[in-house]
Amino acid sequence: MSGGALTCAQAVSAEDDCCGADDVCGQPATWVHAGSGLTMCDLHERNAGQWASGGQWRIGRLEVSYPDGWERLPEPEVEPPKLEIVRFD
């Protein structure tokens, strides 16, 4: 995994209630599958919790275990805004 924000790799289609054209979700990832490195957002993790069958869930084109192997990603560290001092003399 490279630097930058991780995104949800869940495949979506026009038939999904939550998503648009055939593509990947692309929302910020909040879950990672330890064995494969695949990632999911909270919405698709909830979908997996409701619809996974036989301990398997499809992410993109791969079947992976669910719920086994999934870990919540740590919250990203947010750098506080930097203050700039401007003097008007």
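**Strands, a hairpin and salt bridges**

Q: Over how many bridges do strand β3 (residues 31–33) and β4 pair?
A: Strands are DSSP runs of E with at least two residues, while helices are runs of H or I with at least four, each numbered from the N terminus. Two strands pair if DSSP finds at least two bridges between them. For β3 and β4, the pairing is antiparallel and the number of bridges is two.

Q: What kind of model is this?
A: Residues are numbered from 1 along each chain as its sequence is written, and side-chain values use heavy atoms, with hydrogens and water left out. Local features need pLDDT of at least 70, side-chain atom pairs count only at pLDDT 80 or more, and totals for chains, interfaces and linings use all residues, since this is a predicted model.

Q: In what pattern do the helix and strands follow one another along the sequence?
A: The protein contains one helix and seven strands. Read along the sequence, these elements give the pattern β-β-β-β-α-β-β-β.

Q: Which strands stand at the edges of the open sheet?
A: The sheet consists of three strands in the order β4-β3-β7, with antiparallel pairing. Each edge strand has a single partner, so one of its sides is left without a neighbour in the sheet. The edge strands are β4 (39–40) and β7 (70–72).

Q: Which residue in β4 is the bridge partner of tryptophan 31?
A: The strands concerned, β3 and β4, pair in the antiparallel sense. Within this pairing, the partner of tryptophan 31 is methionine 40.

Q: Is histidine 33 buried or exposed?
A: Histidine 33 lies in strand β3. Beyond residues up to four places away in sequence, histidine 33 has contacts (heavy atoms within 4.5 Å) with Leu38, Val64, Ser65, Asp68, Gly69 and Trp70. Buried means under 20% relative accessible area, exposed over 50% and partly exposed in between, with a 1.4 Å probe and protein chains only. Because its relative accessibility is 7%, histidine 33 counts as buried.

Q: Which residue in the hairpin of β5 and β6 takes a positive phi?
A: β5 and strand β6 (residues 62–65) pair in the antiparallel sense over four bridges, and isoleucine 59 stands opposite leucine 62 in β6. The hairpin has two residues between the strands. The residue with a positive phi, near 65°, is glycine 60.

Q: Which residue forms a salt bridge with arginine 72?
A: A salt bridge is a side-chain nitrogen of Lys or Arg within 4 Å of a carboxyl oxygen of Asp or Glu. The count here is two. One of them links distant parts of the chain, 30 residues apart, joining strand β7 to helix α1 (residues 42–51). At 2.5 Å from N to O, the partner of arginine 72 is aspartate 42.

Q: How far apart are the closest N and O atoms of glutamate 63 and arginine 58?
A: Glutamate 63 is partly exposed, with a relative accessible area of 45%, and arginine 58 is partly exposed too, at 42%. The two residues form a salt bridge, and the separation of their closest N and O atoms is 3.2 Å.
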